[in-house]
Structures are given as C-alpha cells and as structure tokens.
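Me: Please take a close look at one connecting part of this chain, and then follow the elements that it joins into the rest of the fold.

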Amino acid sequence: MENVASLCSSITLQDSQQESTDGVSTEDGFVDPFVDLAELPCEAEERRPTCLRCRRPEKVCLCPYLPPQPLEVSTKLYIVQHPAEESRVLRTVPLLAACLPPGKCEVIVGRQFNDTKNPELASVCRDSRTLILYPGPKSKNLDELVQVEELGKGAYNVIILDGTWRQAKKLFFKNSLFHIPKQVQLNRTLCSQYVIRTQPSNICLSTLECAAVALSILERDESIHEVMLRPLQALCSFQLQHGAQVHHSKEHLLKNGLYDKPMPKNKRKLNMMEKLLTDRHICPR
C-alpha cells in the first residue's frame, strides 16, 4: 500500500508540474490563459497598393481628374504642414502637389521653425518675393495687389499653413519667421467645396482651394482654379457615394438652429461663435 501511495503522489506531482509548464502561474496559483496568444507571431499588415501620383489607394485613384500634364506655373508653393495633418486620410495636399510640376510644391512638416533648424525656409521667408497666405488685420487683398500692379509679374513664393484652423493659428503666432513675408489674404466670396470636412465658417477654404485661388490670381489665369478643383470635387463625390455625410460649417449650423453641441463656457470661444452669427466676413484664424 505504501508503494501505491507513493506512486499516486508521484503521478500527482508530475501532473502539477506539467500544468505549470502549460501556462504562467502567479504566486497565488493563477494560470494566465492568454500567455500562448501573446507568443503567437504577428501577421504583417497588408497595405493597399497606392497610386504614386495622387497618393490614393489604386482602387479609388483620382488621376483621371487631375490635369493630363502638370500645370505650368512660375509660382512656388511652400506648404507648412502641422504634424497631425500628415496622418489624415482625406487631406488635400497630395492632390495639390499632383497638379503641379515637380519642385513647385514643397511640403515642410513641423511645429517650430527657426534659422538654425530650417535655414532654407528662413531664406525663403526673407525673400522679397515671398508671400504668406494668412488672414488678419495686416493682410493685404491679393487680388487688389495684383490689380494695382504692386505685385509685378514673375516668380513668387507663397507660404500656406496646412492644418485645422486652430493648428494654423498656432503655427503662425508661435513662429516669428512667418511674420517676415508680406501677409496676404483672399477676399473673394467663395464657399468651400470640401464638404466632407467641417469648416468654422462658410468662407473657410481647404488648403488646395486656397492654393488654387492664389495661383489663378498670381498667374493671371482663372482656368487654374477650375482645373485644380476637379480632383477635390471627385474625392468628395466618391466619399459621399460611400456613406460620408455632408459637413455644414459651424456658422451654417448656428444660423439655422442645427448646432447640437453645448455652447462653450470660455468667453473668448463664446465671443467667436457670436461673431460667426453676426459678422459675415469673420475669419476664424
């Protein structure tokens, strides 16, 4: 009987040892059932093939809506892009760059810019033929500058800040380099066709739309605006056909009693929303 008892205890000990090797036990005897899952090899994420020109997935390529040949322009665009904008799926800058020849649309990503870190950008900002497209009390109407020939014909540099309106504001006010160029704005009465993204007011335009208007003015060719908007219109049309909703501006929602979010308690934000209702030309930046 003693031999049988010792044999049984030996078997029990072996079984417990086997169980302890099948999972990770804690001091209180708990066995983690997910340890084997953690050791499984990760499968590599399959990315959809991307069009090299429009940077869209090949199945939804927008190249048929781009100009057959890049638009010949003398103006060079510098798109200063907030890092958060770089990861957005439906951004407009890739379509903008695809409309222009190589070297005519340079994208610079970052939050802080200075002479030491960005000597080339600093040099562009100090160039007398550089303009920064940013509205404000010191901004000149770009149309008027061209009409009165204060801006002569020739190759200009145009800096455009790319991001949400709040991000663009921070980029402008936190970087003294952007206060050096002549500041210009667009005073045309235009409504954004970028209807799959919410804008603060009815007169706010996407980066592509701003660039299209500015280029048509500086190049003295109104057809540029129409040609550059085609891929944006196609992008929005495709998204709407596949479940996206039309995004009305905050101004539109407020004026039509459709704004369903709580009003801000911050006085500055509350004043800005009141201006959206009363000032037709208010610019959120």
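Reply: Arg220 sits in the loop between H8 and H9, where helices (H or I, at least four residues) and strands (E, at least two) are DSSP runs numbered from the N terminus. This is a predicted model, in which local features need pLDDT of at least 70 and side-chain atom pairs count only at pLDDT 80 or more, while totals for chains, interfaces and linings use all residues. Residues are numbered from 1 along each chain as its sequence is written, and side-chain values use heavy atoms, with hydrogens and water left out.

Most residues other than glycine have a negative phi. Arg220 is partly exposed, with a relative accessible area of 36%; on this scale buried means under 20%, exposed over 50%, and partly exposed in between, with a 1.4 Å probe and protein chains only. Arg55, also not a glycine, has a positive phi of about 65°; Arg55 belongs to the loop between helix H2 (35-38) and E3, and with a relative accessible area of 54% it is exposed.

The axes of helix H8 (residues 207-218) and helix H9 (residues 223-241) come within 8 Å and cross at roughly 165°, the axes being lines fitted to C-alpha atoms, for helices over the stretch in contact, with angles from 0 to 180 degrees between N-to-C directions. That angle makes H8 roughly antiparallel to H9, given that under 35 degrees counts as roughly parallel, over 145 as roughly antiparallel, 65 to 115 as roughly perpendicular and the rest as oblique. From H8, the contact is made by Leu208, Glu209, Ala212, Val213, Leu215 and Ser216, and from H9 by Ile224, His225, Met228, Leu229 and Leu232, contact meaning heavy atoms within 4.5 Å.

Glu209 lies in helix H8 and is buried, with a relative accessible area of 4%. Leaving aside neighbours within four places in sequence, Glu209 is in contact with Cys191, Ser192, Gln193, Tyr194, Leu229 and Leu232. Ser206, in the loop between E8 and H8, counts as buried at 5% relative accessibility. Not counting residues up to four places away in sequence, Ser206 touches Thr92, Ser192, Tyr194, Gln199 and Leu232. The C-alpha atoms of Ser206 and Asp162 are separated by 8.5 Å, although these residues are 44 residues apart along the chain.

In E4, the bridge partner of Gln81 is Val109. E3 runs parallel to E7, with six bridges joining them, and E3 also pairs in the parallel sense with strand E4 (residues 105-109), over five bridges. E3 is mostly covered, with five of its six residues buried. The whole arrangement is an open sheet of six strands in the order E4-E3-E7-E5-E8-E6, with parallel pairing. E4 and strand E6 (140-141) stand at the edges, each with a single partner strand, so one side of each is left without a neighbour in the sheet.

Further along that order, E5 and E8 pair in the parallel sense over three bridges, and the partner of Leu133 in E8 is Val184. H8 packs on the sheet, where it touches E3, E5 and E7, and its direction makes about 165° with that of E7.

H7 likewise lies across E3, E5, E7 and E8, running at about 130° to E7. The buried residues of helix H7 (residues 165-173) are Trp165, Gln167, Ala168, Leu171 and Phe172. Seen down the axis of H7, these residues fall within an arc of 160°, so they line one face of the helix, the arc being that of the directions from the helix axis to the C-beta atoms. Arg166 and Phe173 are exposed on the other side of H7. The cover over the buried residues of H7 includes strand E3 (76-81), helix H3 (83-86), strand E5 (130-133), strand E7 (157-162) and strand E8 (182-185).

Taken as a whole, the chain has eleven helices and eight strands, and 40% of its 285 residues count as buried. Among contacts between residues at least 6 apart in sequence, 73% join residues at least 24 apart.

Conventions
Two strands pair if DSSP finds at least two bridges between them.
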